[in-house]
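Reader: Hey, could you walk me through this one? I'm new to reading structures.

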Amino acid sequence: MPPIGPPQENPRHSLPGDHPMDPRDDPMARTGLPADDPAGAGGPRPDDPMARTGLPADAPAAGGGPPYTEPSRDDPEGPAGRDTPPEPQPDDRQGARPAPPRDDDRATPGGGASGDAGRDPRGALGAPAARREGLLKVTGAARYAAEHPQTGRAHAWPVPAAVARGRVTGVDTTAALVLPGVLAVLTPGDAPRLGPTDDGTLAVLQNPRVPHRGWCVALVVAETLETARAAARAVRVTYATEDADVQLRPDHPDAYEPEEAGGGPGRFELGDPEGAFAAAGVRVDVDYRVPPLHNHPMEPHATTAVWDGDRLTVYTSTQGGTTVRTVLAELFGLPEDRITVLGEHVGGGFGSKGTPRPDVVLAAMAARRTGRPITLAYPRRRLPTVVGHRAPTLNRLRLGATADGRLTTLLHEVTTHTSRVKEFVEYAGLPARVMYATPHLRSSHRVVPLDVPTPSWMRAPGEAPGMYALESAMDELADALGLDPVELRVRNEPDHEPAGGQPFSSRNLVACLREGARRFGWDTRDPRPAVRAEGPLLLGTGVAAATYPFQIGASTASAQALPDGTFVVRLNAADIGTGARTVLAQVAADALGTPLDRVRTEVGRSDLPPAPLAGGSSGTASWGWAVHEACTRLASRLAGHSGPLPAKGLTARADTAGRADADSPYARHAFGAHFAEVAVDTVTGEIRVRRLLGVYAAGRILNARTARSQFVGAMTMGLGMALTEGSTMDTAFGDFPECDLASYHVPAHADVPDIEAHWIEEDDPHLNPMGSKGIGEIGIVGTAAALGNAVHHATGIRFRELPLTPDRILTALLSER
C-alpha cells in the first residue's frame, strides 16, 4: 500500500487543460477535441464562407432568435422565437404529450449523443450527450478541493467539542505542540478575529461557547495530515458543562411557529379546516415520523487555502463559488476582487455545500496564521455535526373527504428541530399547499430550538419528508374509501394552486399517473392487501405523486466566438456531478445554431461571470437563460460582422437580473408519479424492491442521458430514505451515533433494482428560453411513500416511521400472528 499523506504530484494531474490558469494549457485541451482537428468533427471546410465566424453555412442568423421574454397571460401566441404550445389535451393534461412508446426507453449504452447530434445543431438540445468531464473523472485527472498541490502545503485538523453544551474553560496545547511537524494550534482565545456574519455556523473559534457536540474548539496545523490528526488528539480541552436538551417531541414547551418556511409563511390557512374535518364523512388522522438524515456526498467537505499578501485563493468543494467569495470577503474584511474561489470539480453535495461550511473559514484562518497553504478535509465521521443534516420531522396529517373521494379538508402540521446557532426550518408542510384541491386547508410548522448541530438543506428539503407523509396519508384515505389510490389523486386534481390561487404554468400530474400506471401494469393489481405471496415472501405494489417547485435566479454569462470557428461559454456555475458543463454547451449550441462539438464551457471559478448556486433544482434554469441570451447576442454580432474575426474573437455578455428573478403570475412546479413493487420476507423482515418506476413532467428535457441519471439517482436516494437510511440523536451525548457509512446505510448495488425513469414531453412557455424545469430533486420526492404504500399492500400493516428496517418489519409481522 502506498504511504498515506499529502497528495503527490501525479502525471495524470498534469494533463493539458486540467487547470484553466496553467500557462502551458493547450487552448483546445478542454474542448474534448483531438489536437489535429481544431474545428471538431464536422468542422468547417477551408472553402466554407462561414468558417471565419464558426457558424454553419445554412444559419445566417445563428438560429438563436431574440432574447427571451416571458409571454403575458393574455398572449396566446407564446414568446417570440418559440413555437406556440399545443392546445391542452382533452384528458386533463396541460401542454403534455407522452413520449412515443419505445421497446427500450432507456439511454443508449456506451455514451455520446445518438446519431449526429454532436454535429447537427438542431439535435443539440435534448440529445443524450455524454458528460464532457467524464474521462477526467474516471482516469483520476480531475482535481478536487484537497488535491491541488501547493509548495509548502500544510494540513489542518479540527478538534471537536466533547460536550453537548457548555463553555471552554481551557485548551492545553502542550502535548500537541511538542510533536515534530506541528506548526500551530488555534484556539478560541487566539484565533484570528472574523467580521460579522448572519451565519453563526461560520463564527468558529470566536468565543468559548459550545452550542453542540462536535463544534470546533481548536484547530491543529501540521506538516502532514497524519501529524495534524495525532496532534488534535493530544489537545486537552476542559469545559464548564451545562444541561443539554437534544430531544424533539411534539409537546416541547419551547416550540414556536416560524415566520417563514421555505420562502413562504410558516403557517397558511384557508377556510375552516378544523370544522371541515369534524364534519367530514370520511376521515384520516395519522402521524408520520422521518428521522434525521445525512447528505454524505462522495467527496467530503474540503478546502485548500492560499494567501499571497492580502489576496486569498481557495480551492473548495462548493455548490456556489460566487456565494463563497462574498461570505469570505465579509468575514476577512477584503474586497471581493482580492478573493479567488475555485471549484471546477465537486464530488456531490446534495445541498450540504449550498452555502459555505466551516472548512473554508478554518482553512483560510490557518493559512493566514501560518503563512502557508493549508488543506482541511473533514473526515466523514465529522460531517453529520458540522455540515448540516435533514432535520427530523413529526408530521400530523388529517384528511377529510366525501364518500366519493373528494377532499373537503387537508391539515398538515409539522414539528421539527433547529439549533441554537442558526434557525433552519425543514418546511415539510409546503407540498400540501400545492397538491390537491380542497376548500379548507392548513399547512403549519412548529420549530423546537435544541442543543443539536444546525440542520440544513438536503436533497428536496421540505418536499422529501413532507410528501412522504402526505402521500402515505392519501394512500390511507384511499384504503378507507375503498378507492383506487391513482383514481383518488385524479379526482382531487386542482385547476389552480390551492394556497396561492394562481393558475399553473403547466401541471401534468394526471398525465404522469396515467402513463406510469400504463407502463407499470397497474390495472392488473389486486387492491386487497396481504393476498399475494411467493413462499415466505409477501408481494405488494404502491404509488405516490411527486412535486417540486420551479426555482430560478438571476445569472450572468459570456459567450465568445474564436477565429478557429469554436465558441467558449463562461460563467461561475458549479458542476456538482450533474453534467452542467455539457448541458450548458448544448444550450449554447442550440442558441448559436452551431454543432455541439464546437462549443466548450468554463465553469467553477470566481473570476468568471457571477452565477447563482447549484441548489433547489435551479442551476440549469438560471444559468441556461444567461447562456442562451449571451449566445443570441453573440449570434447577432456575428451576423452583422464581415471579414475575419479579430485575434481575440468576438464576445457578448448577458445579465438576466430583473427578469429571471422577477415574480411570475403563474404557479410553476414540476410533477411526477412513482410506482413500486416490493417483496417482504416474513422470515427475516427484509424488504427487496423488485421494481421502481417514475414518470415526470419537468418541462423540456435538455439532455436525455444526464436527466435520466438525475431521476434514477434521486429515486435511489428515496429508496435509501425508505428502507436503509436513518440516524438517531443520542440523548446522553447529544450526537449522531450513525456518523459513517458503516452505520449510516446508503443503498448498495444489491439494494437497487433496475429503476425506470420516463418523462412526459411538456411545453411550458412561462419558465425560461429553454422551457426547462429543475430535475435534480423531484426523483426523491414521493419515492419513500410509494415504497411504504407497497409494503402496506404486501403485509396489510401500516408502518408510519422511517426507515422500514428488518427489525421493525419483523416485530410487526410477529405481533400479527
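**Helices and strands**

Author: Helix H11 (residues 580-592) and helix H12 (residues 619-639) have axes that come within 8 Å and cross at roughly 35 degrees. Axes are lines fitted to C-alpha atoms, for helices over the stretch in contact, with angles from 0 to 180 degrees between N-to-C directions. Helices (H or I, at least four residues) and strands (E, at least two) are DSSP runs, numbered from the N terminus. This is a predicted model: local features need pLDDT of at least 70, side-chain atom pairs count only at pLDDT 80 or more, and totals for chains, interfaces and linings use all residues. Residues are numbered from 1 along each chain as its sequence is written, and side-chain values use heavy atoms, with hydrogens and water left out.

Reader: Which residues in H11 meet H12?

Author: Among them are Val583, Leu584 and Val587 in H11, and the H12 side includes Trp623 and Val627; contact means heavy atoms within 4.5 Å.

Reader: New topic: why is strand E2 largely enclosed?

Author: Six of the seven residues of E2 (residues 154-160) are buried, so the rest of the structure largely encloses this strand. Buried means under 20% relative accessible area, exposed over 50%, partly exposed in between (1.4 Å probe, protein chains only).

Reader: How many bridges join E2 to strand E6?

Author: Six, and E2 and E6 (residues 216-222) run antiparallel. Strands pair if DSSP finds at least two bridges between them. Valine 159 stands opposite alanine 218 in E6.

Reader: And cysteine 512, buried or exposed?

Author: Buried, with a relative accessible area of 0%.
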